Amino acid sequence: MAKELSKVYEPQEVENRIYEMWQKGGYFHTRRDPEKKPFTIVMPPPNVTGQLHMGHAMDSTLQDTLVRFKRMQGYAALWVPGVDHAGIATQIKVEEELRTKEGLSRYDLGRERFLERVWDWKARYGGRIVQQQKKLGASCDWDRSRFTMDEGCSKAVREVFVTLYEKGLIYKGSRIINWCPHCITALSDAEVEYQDKPGHMWHLRYLLTDGSGDVIVATTRPETMLGDSGVAVNPNDERYRDLVGRTCILPLVNKEIPIVADEYVDMEFGTGCVKMTPAHDPNDFEVGLRHSLEVVRVLDDKGKVNELGGKYQGLDRYEARKQIVADLEAQGYLVQVEDHAHNVGTCYRCHNDVEPIISAQWFVKMQPLAEAALEAVRSGETRFVPERFTKIYTNWMENCRDWCISRQLWWGHQIPVWYCADCGHMTVSRTDAVECEKCHSKHIERDPDVLDTWFSSALWPFSTLGWPDKTADLDYFYPTDVLVTGYDIIFFWVARMIFSACEHTGKAPFHTVLIHGLVRDDQGRKMSKSLGNGIDPLEMAEKYGADALRFNLITGNSPGNDMRFYTEKCEAMRNFANKIWNASRYVLMNLKVEKNQLPPADELELADKWILSKLNTLIAEVTENLDKYELGVAVQKVYDFIWDSYCDWYIELTKARLYADEEKSKLTAQRVLLYVLDQFLRLLHPFMPFLTEEIWQAIPHEGEVLMTQDWPVYRPELSFPAEETAMESIMGAIRAVRNRRAEMNVPPSKKSTLYVAAAKQDVFSQGAGFITRLAYADQVLVSDHAPVGHEDMVSCVTADAELFIPLDQLVDVEKELARIGKELEKARKNLASIEGKLQNANFISRAPEAVVSAEREKAQRAQALITQLEESEKRLKK
């Protein structure tokens, strides 16, 4: 039985109630069903520290749209939610709270007590973003919610680390790594962002040991010269060939260092002589290995000069730079300083300059793992949408270096390695070790470092389903289907998930990677705290409704491209929701039928067949668009059909039948109105779930909730191409007449005779009733030729008809000519004034270009108005 809808749609009241109904009914929970095909999405886990921002809202909306679509198509659609422990971000938050509220550091508490504080913080704030996602309608299976440090995910992390170690794919070694002196931790290559920064190139004089001269080296990092252990030249450089094998004196340190020849040196860069600092530059490190150069680290973990820096010890690296340059100049070693812009690595989190340093860290060997991950994409087992991102992925995988996975933090997965104090052996274990596996000594100590956050995130598609155990969920739902993510974490996360899954499960983790762009502000700028241009999605949802926000984020969205967020569009989408609400109320108020069932085809009238045929085409196209991940295209088609075809046309076309006495035609109109309403609510549901569910609950229906109903399918028997074409012709005539009358300011109350000259007379005769009512005619006369005296009539043309209206039936010609004459006089005076200004040389030379351009545009608009008025005058004088 139909229910009455309230007069006004109140999204704030409806959304909370509807979501609670879905949750209590268990409709988000996905059961393994051998009769159904699975469809799985794992949510990119937001940071446990996170609050919902517009990027999350976009991510969540795209995923929810796909999951709701597939659920309605009959798939066992599972959306696995969860949050990431976000090692460095979370630790910084808790340390900040400790410092500001208690004046303590983590070292004051010690590791165990500090980690207790982090878990407490997670319990207090960790669920915040989950509740925020629910506000947007996320239909995740919350019963399967995961956390990257829960028991199951932690077990998976241990298994992967130990397995890779046993295969020789994880090793500990001293390498040049990216180090953030602010966060005091190592960073992987993917966590370094490069920025062009202005700097200098210092040319320094290194005296030859034998006193016969000097070499001039060029450097952008004079502060690291304290750790120099050589000078390198290119073996093909004729200028320096006789220097190879000799030695020079390191200024300020007064230490003898060798001059070596290496192909790495660019003869065109600087002077062609390069100082070698193997402990502070990755390329120098490689050269040092080839030539057995000493490795001297002169900066500590905080970026300050250490005990090997002599009098500069304790200075920050940039303060040391200033003093070293001053001393070099004072002692005659500074030859030249030139401006030099260079690419500087910065920490992706705190944006401080990264310091390349030599450090003992844990690494994953990438080359053996990369090949299977590359093959998964080359073979088409996994594809990127849009396809252009394949090249970015492939390029990174082909050129990736070994992945530094250890971090000098306390919060995270502690590395499962124990060092024996007695025999020095390393025990790597899936369970917590209690003794050395080699000598059985109890004097063992665990590695204090934790794993990179992305190490656990890389296992997310299979660890969340129970791996390494052989679970029923893993067997049924894995591999997953689609990963929805931004292009900014292809390297951080997507690539690592693919090679991890290929290595540990033998399968790619998903068949499609749907890439979306960033949500920017209305000026195209990235939203950021520093610009103050961030827009809170929850505020938008509160003000306009979650459905309006979701619709805004999807409309105009295309895979891989950034989108601009306009608040005005949220308002427009709220208006769209209101239009649907009002149309649904109208249908319900005129509904007498109690079952949603189409009448037989022979009872359908022309307008009914038109709307059903349009709907049928819409269903086929929207389904195809969604299957191709063209969500923005799909949603625009649904919008156009609802607003234009259903609300503006079909409801108007059926009004006369609903209020007429002919019962059969009235009931047919009601049934078609209801059927089409039900079908478009289903099509709209993945995009606007709250509104559609609330309306669907009010109309006659079978089943409990809309979100589990069948997705509409194309029905050949509801395709009526001839009737659709005929109705479009009739509508074209109505539009043309209404537009012509509007141009002439003729009110709808003024009726007139309408002559229709068309080859298809039967079509327009059949539509005469629609034309009479909607084109404000008192009679419609159809023939195959123009009427007598048509030369003096107002006319308009469509693709298949000419339409004529006697002029005197529309306007009082004399009065209209007088009105136009007055408007023409006013318009000509206005144009003359603007042209006078534009012909003034002083105005043109002194006024800003923007002001002059504005005046020129005014002149064009004034001329266009004059032309329009003159044409109207000409027509009336015929």
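**A helix pair and its surroundings**

Author: Helices α18 and α22 are roughly parallel to each other, because an angle under 35 degrees counts as such. The model is a predicted one. In it, α18 covers residues 567–589 and α22 covers residues 689–698; the two pack at an angle of about 5°, and their axes are 11 Å apart. From α18, the residues in the contact are Ala577, Ile580, Trp581, Ser584 and Leu588, and these meet Leu691, Glu694, Ile695 and Ala698 of α22. By class, this contact of α18 with α22 has 7 nonpolar residues, 1 polar and 1 charged.

Another helix pair is α3 (residues 87–102) with α5 (residues 111–125), whose axes come within 10 Å and cross at roughly 100°. On the α3 side the contact consists of Thr90, Gln91, Lys93, Val94, Glu95, Glu97, Leu98 and Glu102, while α5 supplies Phe114, Arg117, Val118, Trp121, Arg124 and Tyr125. The residues of the α3 and α5 contact divide into 6 nonpolar, 2 polar and 6 charged.

Next comes the sheet. Four strands form an open sheet in the order β6-β5-β14-β16, and their pairing is antiparallel. The edges are held by β6 (185–187) and β16 (403–404); each has a single partner strand, so one side of each is left without a neighbour in the sheet. Strand β5 (residues 170–180) is joined to β6 by 3 bridges, with the two strands antiparallel. Within this pairing, tryptophan 179 has alanine 186 of β6 as its bridge partner. Helix α8 (residues 282–291) lies across β5 and β14 (355–364), and α8 runs at about 140° to β5.

By class, the lining of the second largest pocket has 17 nonpolar, 13 polar and 12 charged residues.

Terms used
Residues are numbered from 1 along each chain as its sequence is written. This is a predicted model: local features need pLDDT of at least 70, side-chain atom pairs count only at pLDDT 80 or more; totals for chains, interfaces and linings use all residues. Side-chain values use heavy atoms; hydrogens and water are left out. Two strands pair if DSSP finds at least two bridges between them. Contact means heavy atoms within 4.5 Å. Axes are lines fitted to C-alpha atoms, for helices over the stretch in contact, and angles run from 0 to 180 degrees between N-to-C directions. Ala, Val, Leu, Ile, Met, Phe, Trp, Tyr, Cys and Pro count as nonpolar, Asp, Glu, Lys and Arg as charged, and the others, Gly among them, as polar. Angles under 35 degrees count as roughly parallel, over 145 as roughly antiparallel, 65 to 115 as roughly perpendicular and the rest as oblique.
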